[in-house]
Amino acid sequence: MPLPHPDHRYLTALRENDSQTLEALYRLASPGVQQWVLANGGTMADARDLFQEALISLHRSAHQPDFCLQCPIGALIFTICRNQWISQLRRKKREAEVRKIEAERYIPESATVSAYERWEEDQLEKQRLDATLAQLSETCQQLLRLLARGISPAEAAERLGMSNANTVYRRKNACLTRWRELLEAK
Amino acid sequence: MTNEENYLRIEAYLQGELDATERAAVEALAERDADFARALAERRALASHLRAEAGADALRFTLADLGAKYFPSEAKTARLPRPRRQWLALAAVAVVVLVLTLGGIAWWPAGAANYADFARHEPLALVERGAADQLPSRAEAAYNAGEFEQAIPLLESYLEEHPADERARLALGVSLLERNRDQEAVDIFTAIAAGKSSLAAYGNWYLALAAVKRGESAAAEAFLRRIPTSESYLKAQVERLRAAL
């Protein structure tokens, strides 16, 4: 695997919720996004929401064991925010602003394009997993989420009204079997 | 190897419960058995997905604070020359007062968003079955009837016996807020919002409502930003309150 870009540390900070390093990321990358959104028909609140959601989505990528950042993180965040803002403008039928942005002919470097494509794949995968999880029973969803939060099987049993930790193991097995069937049916 | 054995093996592998030899055996099996490799990859993807989802709420909390600092709220309207602005302000106040008076609506000084419009609390269910004179039943009945003064001591007693019941704690916070014991309520909501329970989003929702009650729109917005968009039950309410702020 190639060596990661030095900015990969910001992905680690997202995964570990390290507020000090994340503040450095805001200092580094927020001014560009802020300036661009304000210049393209958005408000400060729009810029703030776009930036935050971009980081939340990258937090998911940061949990993928094979996700290795190969470009400056500021460039990737800017590309995500830019494309999300264009989608929002299109949804609101603000076509004149979309044309103005597209006339800029912004072309990111190839490493940023590759990182963005990988990010898009992660987002599609997220949608696929969200959709299959949503088809599981409420109890299965709660059980899988509790265990993922690090709640012990004994505590999960108590919270979900199951008799003991063994029942939790059995139910988890059944839930995952059902989940796999749903995944394969897609 | 049966599916059950494969399941247990993958589970132990992903939980980091295998020693180096056992891990190598799992990886070797994945190399020669395509079905096992696929099952392992899928389970690994789900585990990463759920882990990320579990961490997203706490991250949102951190990012909301940083967002408020690095994306400061802008002035909402351009400043008009003073005489015209005063005239317009007086006219606007007159129209609003007239409309509210004619409509029989109580004036609320907190701004456009009115606490009472959003203070709709989910019913509390502490017991599935129980005699009416038992403490949980009485606390539940008082809360659900909107008898918050009466619900407060009952919920406090209940929580002494069930300190981990976050739903009861949230209900106590709501009752205190309704009885204008705002600081005590805010302390409870802050603890719930900072915790890892599934009610963390509700902690932030009620912190936003408490801010609306104080007339602090910016603070309310900051709390709303901490609520994950995946909170489907709160989503519509959050959007409505945002629009009113």
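Predicted model: local features only at pLDDT ≥ 70, side-chain atom pairs only at ≥ 80, totals over all residues.
## Helices H1 and H3 of chain A

Let's start with a helix pair: the axes of H1(A) and H3(A) cross at roughly 95° and come within 8 Å.

Which residues bring the two helices together? From H1(A) come Leu11(A), Thr12(A), Leu14(A) and Arg15(A), and they meet Leu55(A), Leu58(A), His59(A) and Ala62(A) of H3(A). Sorted by class, this contact has five nonpolar residues, two polar and one charged.

## Helix H4 of chain A and its cover

Helix H4 of chain A runs over residues 73–91, which is 19 residues. From its first C-alpha to its last, H4(A) reaches 27 Å, close to the 27 Å expected at 1.5 Å a residue. After this helix comes Lys93(A), with a positive phi near 60°.

Buried residues in H4(A) include Ile73(A), Leu76(A), Phe78(A), Cys81(A) and Trp85(A), and Arg82(A) is buried as well. What lies over the buried residues of this helix? The cover includes H1 (8–16), H2 (19–39), H3 (44–62), H5 (95–102) and H6 (110–134) of chain A.

## Arg118 in helix H6 of chain A

Arg118(A) sits in helix H6 of chain A. The C-alpha atom of Arg118(A) is separated by 8.3 Å from that of Phe67(A), although the two residues are 51 apart along the chain.

## Where chain A touches chain B

How many residues take part in the contact between the chains? Chain A has 31 residues in contact with 26 of chain B. On the chain A side, H2, H3, H6, H7 (138–148) and H9 (165–185) each supply at least two residues. H3(A) gives the most, with nine. By class, this side of chain A divides into 13 nonpolar, 10 polar and eight charged residues.

## Nonpolar cores

The largest nonpolar core has 41 residues, and Leu155(B), Tyr206(B) and Ala208(B) touch the most other members. Helices that each supply at least two residues of this core include H6 (135–144), H7 (148–161) and H8 (166–178) of chain B. The most comes from H10(B), with 11 residues.

Beyond its neighbours within four places in sequence, Leu155(B) is in contact with Ala139(B), Tyr143(B), Ala168(B), Ala171(B), Leu172(B) and Ser175(B). There is also a second, separate core of 35 residues, which includes Val37(A) along with Leu59(B), Phe61(B) and Phe71(B).

Conventions
Residues numbered from 1 in each chain as written. Chains lettered and ligands numbered in written order. Helix = DSSP H or I, 4+ residues; strand = E, 2+ residues; numbered from the N terminus. Expected span 1.5 Å × (residues − 1). Buried ≥ 20, exposed ≤ 12 C-beta atoms within 10 Å, placed from the backbone. Contact = placed C-beta atoms within 7 Å. Nonpolar A, V, L, I, M, F, W, Y, C, P; charged D, E, K, R; others polar. Axes fitted to C-alpha atoms, helices over the stretch in contact; angles between N-to-C directions. Core = buried A, V, L, I, M, F, W, Y, C linked by C-beta atoms within 7 Å.
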